[in-house]
Amino acid sequence: MSFIRKNIWGVGFAVLLVGAFVAMGFASKNSSLPSPTGIAKDTIDFTIASDDHKKGAENPKVTLMEFSDFQCPACAAYYPIIGELVKEFPNDLQFIYRHFPLKAIHFQAENAAIASEAANLQGKFWEMHDALFDNQSKWNPTTGKGAFREYAELIGLDMNKYDEDINSDSPRDRVRRDNQFAVDNGLNSTPTFYLNGNKIANPGSYEAFRDLIAQEIEKATNTE
Amino acid sequence: MKPIPLWLTISIFVTGFIGFLDATYLTTNFFLKAIPPCFVTGGCDVVTTSQYATILGIPIALLGALYYLCVLALWLFYVDKKQKRVLEALPWITSSGFVFSIWLVGLQVFVLNALCSYCLVSAGTSTLLFIFALIARKISKETLPTPNRTISQ
């Protein structure tokens with residue numbers, strides 16, 4: 001004790017310094033794009049429904065399916081990356097968006113998904129999808145529903161129909177269908193990506209993602 | 001003036017240290033643009049990437065780390081020099097951390113609708129520091145029982 005008392009500033013400083021480094025060390029292990037962990041199935045039934053939300057090639061060699069949540073920041077981080085990928089491989093890549101609203105932690109996620117489905121009933125799913133991700137930081141903190149209505153107006157939806165649809169069963173059921181599929185396959189985080197039915201670890205950058213898809217396209221081309 | 005008991009001295013150090021580690025961890029996450037894995041609660045991503053995570057571009061986590069550093073330094077100074085003024089000032093200083101924590105928890109509950117466990121830990125440590133500071137001041141004000149003096153004539 002007397003040593004500590006004599007050198008109280010030195011000991012205090014040393015403890016703080018070590019503590020700071022340990023805390024920083026732990027933090028640096030967190031990846032900026034969290035990869036899904038746990039028991040999500042490695043391969044899933046890759047039957048694509050006619051009403052799945054598709055983007056990109058009509059007759060793709062490679063299909064990328066994302067289970068996503070409009071309120072999840074990591075999903076918003078991947079959203080521009082996906083947009084670029086679809087542009088990069090216009091003839092070979094198809095992107096499919098499926099809902100997996102983590103409503104236990106993101107209180108507006110399901111409402112956002114329902115809003116996108118209401119827009120889908122007027123053929124504007126992707127416009128709403130873009131509006132929701134573009135403005136995620138703005139509607140995230142607020143009550144959401146009002147903001148979703150604004151976006152619906154901005155993208156030019158018939159608002160009478162939107163108001164009617166948003167309270168009807170069909171958009172909700174559609175969201176729940178995707179959600180149920182995700183739950184049945186053990187998914188537990190967003191975004192989770194499947195490439196041609198196989199789960200992939202979330203790539204850490206656009207380049208890594210692009211290379212992964214290019215490889216898969218090459219594989220598909222070789223087996224033709 | 002009564003001396004501050006050892007348990008209280010150590011409690012203030014430990015609590016401040018936990019707060020400091022927590023805030024340093026969150027600050028590092030902020031600058032690495034990383035998302036801390038949440039425990040118990042589940043909204044760390046929403047909270048730490050929200051527009052409320054910074055004040056004028058300065059991450060709140062960094063302000064928190066500096067705040068805990070100041071409290072710890074002040075407490076070291078007290079233990080070293082036994083300056084009574086520290087005990088007078090500490091409740092005022094820690095009350096600012098306490099009030100700020102209430103505001104941040106309020107934001108999480110009422111505005112963001114998401115809770116971040118690390119932020120709640122910090123709210124807990126800053127509340128405890130405020131309580132400890134009040135206790136320390138109270139103890140220091142208690143006077144030692146005056147020894148019986150027999151006036152001999």
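Reply: The crossing of α4(A) and α9(A) is right-handed. This is a predicted model. Helix α4 of chain A covers residues 109–120, and helix α9 of chain A covers residues 169–184. Their axes come within 8 Å and cross at roughly 120°.

From α4(A) come E110(A), A113(A), I114(A), E117(A) and A118(A). From α9(A) come P171(A), R172(A), R174(A) and V175(A). By class, this contact has five nonpolar and four charged residues. It has no polar ones.

Next, the wider setting. Chain A has 10 helices and five strands. An open sheet of five strands runs in the order β1-β3-β2-β4-β5 (chain A), with mixed pairing. The edge strands are β1 (53–56) and β5 (198–200) of chain A, and each pairs on one side only. On average, neighbouring strands of this sheet are turned by 30° against each other, direction ignored.

Look inside the sheet. Strand β2 (residues 62–68) and strand β3 (residues 93–99) of chain A pair in the parallel sense, over seven bridges. F67(A) stands opposite R98(A) in β3(A). Helix α3 (residues 73–88) of chain A lies across β1, β2 and β3. This helix runs at about 155° to β3(A).

Last, the whole chain. Of the 224 residues in chain A, 39% are buried. Take the contacts between residues at least 6 apart in sequence: 80% join residues at least 24 apart.

Methods: Residues numbered from 1 in each chain as written. Chains lettered and ligands numbered in written order. Predicted model: local features only at pLDDT ≥ 70, side-chain atom pairs only at ≥ 80, totals over all residues. Pairing = 2+ DSSP bridges. Helix = DSSP H or I, 4+ residues; strand = E, 2+ residues; numbered from the N terminus. Axes fitted to C-alpha atoms, helices over the stretch in contact; angles between N-to-C directions. Contact = placed C-beta atoms within 7 Å. Buried ≥ 20, exposed ≤ 12 C-beta atoms within 10 Å, placed from the backbone. Left-handed = near helix turned anticlockwise from the far one by under 90°. Nonpolar A, V, L, I, M, F, W, Y, C, P; charged D, E, K, R; others polar.
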